[in-house]
There are 4 protein chains.
Amino acid sequence: MTVKVVIIGGGSSYTPEIIEGLVARHDQFPISEIALVDIEQGRAKLQTIEQLAQRMVAKSGKPIKVTAHFDRRQALEGAHFVTSQIRVGGLKAREKDERIPLSHGLLGQETNGAGGIFKALRTIPVLLDIAEDMAAICPDAWLLNFTNPAGMVTEALMKHGKHKQVIGVCNIPFNMRTGVAEVLQCETNDVEIEFVGLNHFIFGRRVLIKGEDRTEEVLEKLKDPDNQYSPANIVSEGWSDLFLSAFKLLPNPYHSYYFKGASMLEKSIEDYNKNGTRAEVVQTVEESLFKKYDDVTLDHKPEELEQRGGAYYSDAACNIMTSIFNDSGDVQTVNTLNNGAISDLPDDAVIETNALIGKQGPRTLSIGKLPLGVKGIVQLMKNMEELVIEAAVTGDTHYLYQALLINPLVRDEALAETVMNELLEAHKDDLPQFYKNV
Amino acid sequence: MTVKVVIIGGGSSYTPEIIEGLVARHDQFPISEIALVDIEQGRAKLQTIEQLAQRMVAKSGKPIKVTAHFDRRQALEGAHFVTSQIRVGGLKAREKDERIPLSHGLLGQETNGAGGIFKALRTIPVLLDIAEDMAAICPDAWLLNFTNPAGMVTEALMKHGKHKQVIGVCNIPFNMRTGVAEVLQCETNDVEIEFVGLNHFIFGRRVLIKGEDRTEEVLEKLKDPDNQYSPANIVSEGWSDLFLSAFKLLPNPYHSYYFKGASMLEKSIEDYNKNGTRAEVVQTVEESLFKKYDDVTLDHKPEELEQRGGAYYSDAACNIMTSIFNDSGDVQTVNTLNNGAISDLPDDAVIETNALIGKQGPRTLSIGKLPLGVKGIVQLMKNMEELVIEAAVTGDTHYLYQALLINPLVRDEALAETVMNELLEAHKDDLPQFYKNV
Amino acid sequence: MTVKVVIIGGGSSYTPEIIEGLVARHDQFPISEIALVDIEQGRAKLQTIEQLAQRMVAKSGKPIKVTAHFDRRQALEGAHFVTSQIRVGGLKAREKDERIPLSHGLLGQETNGAGGIFKALRTIPVLLDIAEDMAAICPDAWLLNFTNPAGMVTEALMKHGKHKQVIGVCNIPFNMRTGVAEVLQCETNDVEIEFVGLNHFIFGRRVLIKGEDRTEEVLEKLKDPDNQYSPANIVSEGWSDLFLSAFKLLPNPYHSYYFKGASMLEKSIEDYNKNGTRAEVVQTVEESLFKKYDDVTLDHKPEELEQRGGAYYSDAACNIMTSIFNDSGDVQTVNTLNNGAISDLPDDAVIETNALIGKQGPRTLSIGKLPLGVKGIVQLMKNMEELVIEAAVTGDTHYLYQALLINPLVRDEALAETVMNELLEAHKDDLPQFYKNV
Amino acid sequence: MTVKVVIIGGGSSYTPEIIEGLVARHDQFPISEIALVDIEQGRAKLQTIEQLAQRMVAKSGKPIKVTAHFDRRQALEGAHFVTSQIRVGGLKAREKDERIPLSHGLLGQETNGAGGIFKALRTIPVLLDIAEDMAAICPDAWLLNFTNPAGMVTEALMKHGKHKQVIGVCNIPFNMRTGVAEVLQCETNDVEIEFVGLNHFIFGRRVLIKGEDRTEEVLEKLKDPDNQYSPANIVSEGWSDLFLSAFKLLPNPYHSYYFKGASMLEKSIEDYNKNGTRAEVVQTVEESLFKKYDDVTLDHKPEELEQRGGAYYSDAACNIMTSIFNDSGDVQTVNTLNNGAISDLPDDAVIETNALIGKQGPRTLSIGKLPLGVKGIVQLMKNMEELVIEAAVTGDTHYLYQALLINPLVRDEALAETVMNELLEAHKDDLPQFYKNV
């Protein structure tokens, strides 16, 4: 039996991580081929990655074939698993998503606020195309999407895509478990968190260590400013005692944007003035990474990659593929259809949630009602996502404007219009759905 | 048959309006007694109002007895209808609700934002006491509450009160109909608006004139800045073409606070610097009104009262009482239990909605789903209200903090805590539930 | 302005009733044309009816044109209102619906049990065709369907039809009001019943007389066996004291089939042995009626028609048309989309419910939860209807079998299959959707 | 650390099975004490069981103390797990539950139909007492209830009990997995069934063998009459090809009562005429079992017990206790709160469902909507259960009558009343809640 994994966006600087993950799991997850796919503009990068991947595989001695493709449909033939980590418009587009809202005093980041909405608008149509190809070419394969904003992209795929075997992946839940492990000084594998919410808007409702409920203790410890957890790419500032006592929920780092807006904005502006946008910082990091990757003696993932930001994304994806392949039935945190798991959200919404992962994909654990203190804000965020998805598939600026206006990081009639128009113009080439009638 | 109307907060400067309304409707709604009730501190005002009311009734020649009471339970005996228009803590408390949040750059007003939340905290326990008295003394009477924030107060009464024959009343829906009548140059009575939402967060989904759907036309006309509708007490600024085209909903004037925050804040500060708080302005208006009321030759509601702000509140209340009395079954807009009328909101939520008004009280028209563009923001507001009500009845600052933090007019971790503490301290005497364990 | 009413199934023996109703309401509802439509096989009857209608109109002196058509599309041109009262397969088909189930000991009647299901299967496709024609030819017209089973037919039209301005009509709610009026010795117009449920499975939750709640009194009086209400076409047997006390709901006559199955079956068999099927009885009545109609001196609806069974159907339809035309906004009982009115039933279900009737059609009164004692049985009936509709539009016998098996009047694995096969065979010519692949 | 298991109804003939199960699992689930509890009337039996248990433990060499108690509160001290397998009124009461309905031609059995309802009425108050004791004495202990009707009893405990750590247990799901294993000739442990529904009204929606979906194959094989699965105590008759093809669900043996009523009734009467009630048959089996148990050389569970009927109940209970103790997180089928897992049923309903079992109890897998073909009938059964629970806690015959009338095994106005009155009289001594005002 052969197992083929296709990596769309294979020229990404993150790819070595997923290669490392696949090689390391080869005993339980014996794949026979890794097919890297990218677009023509990324030819040089893809070739660099392909060669590095070849060296990594060779070093491992595992019988895995590595191939590179610029024709996606060809690559998908015979695929069992497909991962997606693309960036439509590249870092140049990201730079605009970050700079333009901030220039109007609007907070946000690659995946949230006005910029995150535009990333969704550019990305969703491309993922729908991928899903269409998969439905035709490899209908039994699983798509693991970790292209951001992963929650909205997954919901768009479930609502409008032709291929329904889709799982959205994010590293935040894993990072939160790691953070809790540090705080409690225990093993990450022993940390179970009952997650409730949406991608980048997820809360931990309960922390269990080997079945013991230690939520109170974790919340207590998080009151100590030294005990914070946060991914590398976003600023962390900790949470007040009152916040932790009142909500009794573990926030995720992105919640700072929504609940600590004033200080986040200040820091964002300061940061921008010092270093430019995060996109520009990343650009430099990427260049330096690719310089390393080009080194023909390099045969492993370099340590620098871990500081790049999205650590553990690939790990999460590898774990899910392994569990599907082996019908493991272990609990992992994924983006999947709500289908009643959270009764306060629509059935056809995608939520980020714990699920048993097996051959049939994820089976969600039932959650029930949202915690009273965050019910409305989660519903608001989901509604905002629904509007973004409608905008992305229809190209209707009315939906887009509504999404921007109710987004807590915009919510101003005049600014929403201004930033919408500027971003539509800036991303013109990557948003054909909004210009189809011109 | 005798019909007795009890007016709690009878010493209010608004009372002449309701007296006028009751007198004018006497043919269809033949009441035999108006009992004015107020607290001891309001003795002078109540006496002024009582005498003015006597003169108004005398002039009309209607056989109505007017009485004044400082013992509420005594006044409630034999009551058929009870109205409530009270201000716990008086204008002094309002002044704090307005000044303290603004001093931290937080937008708001008597009924919304941090100040509105504190008004609810002070008011809800008193209304629950009134409901308890009514359940014991006049269990068949209807309570018409127009004490603000009317939606939250009504929901608190439905959830926690001993007396369930309660209807919440607001003048905004009527004002919106009047505004539309002006815009379309037709009679207010011919304007039907399908309302959807919550008190002070209501939208018009459809405008019917004699059954014809003229929603598009109204929205189009509202794009002209001269065609605005707004009550006297809040600033109006109009809505952009894009807002009106995208949402296809008639906003109410309070929506400016949520969707036009930046300019509203600027104007609020400007206004404060020029005139002080609205409470202080009203204080002056009130003094001048009572001076008029004291004039023993005055035997009608003076015109100045209409500029006071809450015009049509009493009218709305009088209409409802008349329809209940006559089992009219006409459509009026009230605050009442959702009970499934809006499927996206909890059954036990109070909504502001069209209902048939008859002897058995309101029978709500089914609404179905909220419009997609505002679903989440309405759910958020309702969730915020739920938290305020929990805080008001338990005196638990954790609920209060959650309500403040998710309120779109606060939503900052540090500011929520600061403003909460300052307002708790400022209103200490009127918030015994938060100080019971001290 | 001209107003055109199209009567599909115009050759029905009921048509004189609707003609009478339209003539009588001409002052408020000034129609200019009545177009009678029927199929070629009904040519003789249609002509008889047309001529009778001409005589009735002539006698009234109203300026109404009466026309007869065998081309439905032609008749629909310029229509404002369309009524449907058809019988696919005629009384011959009805005879099979009644005889075949009974031959297996299965209870039922024209509109319920296995026979009622097959009537739906024959009827739904024809009504969907009518809706398609209306969408193309008279898209603004209202369709008033009183073809049975009216609830299922209306739901099929709302789910699968191309024309959504549809209202389902039944005479049972009106009959229940009349029955209550008799019991309480008051005017039918003063009787308001809060209806809850489905067509032919409707309950009265509350009886109001001029706003006074007299439910208890009605229930008490119904315990007297002389105080029954029932339409002419179904047997009535009264309800036990315990039933009335326990449920505190007014049943409708069809509930006897579900709750008094044993005695109903006994009577049905007795009746069949004595008189044959109801279809055969009706056949005789019809012949005698048409003999009367042929009399060229007859210029009014003959009294015998009232004993025919479906009295007040036409009345209900005329009332609705008049209220739509005049935007009256009065409360009438119709079959329309649930859309949240009953929270225990799907949004896309059709329910029988009180609604305000105006130019925009029905606006449903919110009902909330079903009464606990009948929640499950109403949900079961609705589920059965959903399955019938699926079967009718797909021709899938699996849906049909499921519908039969869970129907409380069948619910036996072996009998469901037997009766299904016999009825499918018997109605072969009228059920093309089940034979399309043969 | 000591672990104490309390067995309420310890004098039951089933107890040796649970003793065997506890001894066999001692390595993973090292209990230190088994406390057997029974009522005074069962003294002789309890002593027999205690001595047999002592011998079984002695033979195993495990360090487990066995104690016997007639004071339940004393036995509960220090308990970690409590199982309940009681029969209020004993086999004499069961005999009435079986005989009286059948004498009126009503189908049913110990746990369903009119008899099952009365078993619930007798049992629920006793279990509520046990829960009250546990809340006071061993608040951290888990109650595993396998007293029938297990679903209703568990729901009553969750709604009205003082102790919420309750799990309902039934052997049917395990038996269905065993049956499928036989049909597919594989290991029971490899069979996963996605269960949907209620206790004794559960369906299998999907069969997975090591993650492969083999539902179609199982349904196909069940069409062969030799491939049936059924517990010993109820008659099995197989399902028609059409039933299996149309519903695409695995029925459980109790579904014969609902979908194959005619033949079941025939067999029940035949069986009764031949052997008397099942209670009487069991009486004989019990006597013979206790004779065996009294044999002082017996030190293991005798084989005859397996033919007794309830095989695997104890196994199910032992598995759950072991998984809780070890925080295993494996999937087991339990009766627990719906809490949104099935969106078509109330949140506070108890459903029979797959759940992860760990230290915090069950965490339910989300199910979503009920299959369309059985949605209504499951909702009806749940509604019936709700009414029974209301009747059991209030002693209100109106709820009881409603439950009987809508129960598909009764559903006749006159019979419901007759059987209700006869059973109320017959069980007078065990139904104090219905006689409290006499």
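1. A quick term before we start: a helix crossing is right-handed if the near helix is turned clockwise from the far one by less than a right angle, and left-handed if anticlockwise. With that in hand, look at chain A, where α1(A) passes α13(A) in a right-handed crossing. Keep in mind throughout that this is a predicted model.

2. Staying with that helix pair: α1 covers residues 15–24 of chain A and α13 covers residues 313–326. Two packed helices are described by the angle between their axes and the distance between the axes. Here the angle comes out at about 35 degrees, and the axes are 8 Å apart.

3. Which residues of α1(A) and α13(A) meet? From α1(A) they are A:Glu17, A:Ile18, A:Gly21 and A:Leu22, and from α13(A) they are A:Ser314, A:Asp315, A:Ala317 and A:Cys318. By type, the contact splits into four nonpolar, two polar and two charged residues.

4. Now step back to chain A as a whole. It has 16 helices and 12 strands. Its radius of gyration is 21 Å, close to the 22 Å that the globule rule gives for 438 residues, so chain A is as compact as a globular protein of that length. Taken along the principal axes, the box filled by its C-alpha atoms is roughly 60 × 55 × 45 Å.

5. How much of chain A is buried? The figure is 57% of the 438 residues. As for sequence separation, take the contacts between residues at least 6 apart in chain A: 69% of them join residues at least 24 apart.

6. Next, where chain A touches chain B. Here 32 residues of chain A are in contact with 32 residues of chain B. On the chain A side, the elements giving two or more residues are α9 (241–247), α11 (261–275), α14 (375–394), α15 (397–406) and α16 (413–426). If you want one place to start looking, pick α14(A), which gives the most, with 10 residues. The chain A side divides into 15 nonpolar, nine polar and eight charged residues.

7. Chain A also has a pair of hairpins worth a look. Strands β7 (residues 191–198) and β8 (residues 201–209) run antiparallel and are joined by eight bridges; one of the pairings is A:Gly197 with A:Ile202. Two residues lie between β7(A) and β8(A), and A:His200 in the turn has a positive phi of about 60 degrees.

8. A:Leu208 has A:Asp213 as its bridge partner in β9(A). This hairpin has two residues between the strands, and A:Lys210 takes a positive phi near 45 degrees.

9. Over in chain B, there is an open sheet of three strands in the order β7-β8-β9, with antiparallel pairing. β7 (191–198) and β9 (212–213) of chain B stand at the edges with a single partner strand each, so one side of each is left without a neighbour in the sheet. Strand β8 of chain B (residues 201–209) is joined to β9(B) by two bridges, and B:Leu208 has B:Asp213 as its bridge partner.

10. Last point, on what lies over that chain B sheet. Helix α7 (residues 172–184) of chain B lies across β7 and β8 of chain B, and runs at about 140 degrees to β7(B).

Key:
Residues are numbered from 1 along each chain as its sequence is written. Chains are lettered from A and ligands numbered from 1 in the order in which they are written. This is a predicted model: local features need pLDDT of at least 70, side-chain atom pairs count only at pLDDT 80 or more; totals for chains, interfaces and linings use all residues. Helices (H or I, at least four residues) and strands (E, at least two) are DSSP runs, numbered from the N terminus. The radius of gyration is taken over C-alpha atoms; the globule rule is 2.2 Å times the number of residues to the power 0.38. A residue is buried if 20 or more other C-beta atoms lie within 10 Å of its own, exposed if 12 or fewer, and partly exposed in between; C-beta atoms are placed from the backbone. Two residues are in contact if their C-beta atoms, placed from the backbone, lie within 7 Å. Ala, Val, Leu, Ile, Met, Phe, Trp, Tyr, Cys and Pro count as nonpolar, Asp, Glu, Lys and Arg as charged, and the others, Gly among them, as polar. Axes are lines fitted to C-alpha atoms, for helices over the stretch in contact, and angles run from 0 to 180 degrees between N-to-C directions. Two strands pair if DSSP finds at least two bridges between them.
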